[in-house]
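Here is a short tour of a few features you can follow on your own screen. Have the viewer ready and let's begin.

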Amino acid sequence: MTQTLRFDSLLVHGGLEAGPAGATSVPIVQSSSFAYETAEGLEDVFRGRAVGSVYTRIGNPTTEALEKRLALLEGGGTAIATASGMAAITTAVLTILRSGDEILSSSSLFGGTFSLFRDTLSNYGITATFVDPLDLDGFRNAINERTRLLFVETIGNPKLDVPDVPALARIAHEAGLPIMVDSTVSTPYLATGAALEADILAYSTSKYINGTGTTIGGVIVDRGVFDWNSPKFPHFEQFHKKYRAFAFTARARKLVHKDVGACAAPFNSYLLTEGVQTLALRMERHCSSAVALARFLKDHPKVAWVSYPGLEDSPHHEIATKLYGGRYGGLLAFGTGDKASAFKVINGLKLAKNLANIGDAKTLVIHPASTICADYNGEEKALMGVTEDLIRVSVGIEDSLDIIDDFKQALDGI
Ligand SMILES: Cc1ncc(COP(=O)(O)O)c(C=O)c1O
């Protein structure tokens, strides 16, 4: 019945069956394994003839409730909750690519994903080509006979560029390839996987889905729309025969997710199921306060530049307006000219916390060049849009006047 509800109602009710003794929040089933009365009963579950939980690395009732809700939020499909956003991306990519295959990826990426693609996977024969996601022709031209996947972030972190994801999806599909989308920054509230024409979504739930900075998690959503019955994907053949549109989920669950073992912990799934209920309300506030802070920073004499797609003069404003319905997310970046002044601003902030996260209820800042991107050389930092003066702000849900006051006093002090 919850399938027919609108988005904001799905956040609260989606995928939740009545709990024991009338419990209205998802029960935490903190059990590593599940007992069966008979050997036949357990065999039936293992062979897929009966539905049931076996072992929490493979599936867990609390995690399943979260998975159902997150799939509904993308417009339908199936979901696999994972231990982190990086676990989701790694598991999803390893489900599709084999040694010798290539990822065609946006160059505007979260540092962890960049290093996964460039450094870790290349040790196992999976390589990546990075192209500016705004360059649609560049993407089309970079597809070659080894390409098996297009990958893009909806709103690049920390570059805050906004690619035309549906246009990239069409380029992928014309070439018979799937597109995987990381919508950590936009969340399904700004645009669902269906609206973005994504085949697979793989993103971090540690951020806005959780909303209060308590939990690390990730999710893979398979919308069941890509045709895996293709000579490019012979390793999907057996799964396609049996599971048709959901061949990806079957291959992920039966092989990679099970074997890699980066499963979600039941207690984390509970916290995420609780947190996601307020996503719509929080995102509205994150977005409106980010606009207010971006406008304030833009007019401040000590601020050299501001990057936020919600500013009318941003080069990304038009496409972001088209894709995200006039909401531009809670992340912005600005610069004060050099590293020393950026550090002074961060040290002067009293309300905003200096830490490596985004999407918390609290306002957060970080200097990416010296922290999360410190291991990258100048050229790589430039590719990711990381300058020495860049301060990334994850605008929280405090009163926006208090957020602005905090930045004002920190900037006035430099
Ligand atoms: C855009 C994006 N994708 C993926 C990740 C990785 O998520 P996690 O930290 O949950 O592994 C992050 C984390 O900051 C992110 O910002």
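## Ground rules

Two strands pair if DSSP finds at least two bridges between them. Helices (H or I, at least four residues) and strands (E, at least two) are DSSP runs, numbered from the N terminus.

This is a predicted model, in which local features need pLDDT of at least 70 and side-chain atom pairs count only at pLDDT 80 or more, while totals for chains, interfaces and linings use all residues. Residues are numbered from 1 along each chain as its sequence is written.

## The open sheet

Five strands form an open sheet with mixed pairing, in the order E8-E9-E12-E11-E10. Its edges are E8 (305–307) and E10 (353–354), each pairing on one side only. E10 joins E11 (residues 364–366) in the parallel sense over two bridges, and Asn354 stands opposite Val365 in E11.

## Two helices together

How do H4 and H5 meet? Their axes (lines fitted to C-alpha atoms over the stretch in contact, with angles from 0 to 180 degrees between N-to-C directions) come within 10 Å and cross at roughly 30°. H4 and H5 are therefore roughly parallel to each other, a label for angles under 35 degrees.

In the contact (C-beta atoms, placed from the backbone, within 7 Å), Met86, Ile89 and Thr90 in H4 meet Gly112, Thr113 and Leu116 in H5.

Methods
Parallel < 35°, antiparallel > 145°, perpendicular 65-115°, else oblique. Contact = placed C-beta atoms within 7 Å.
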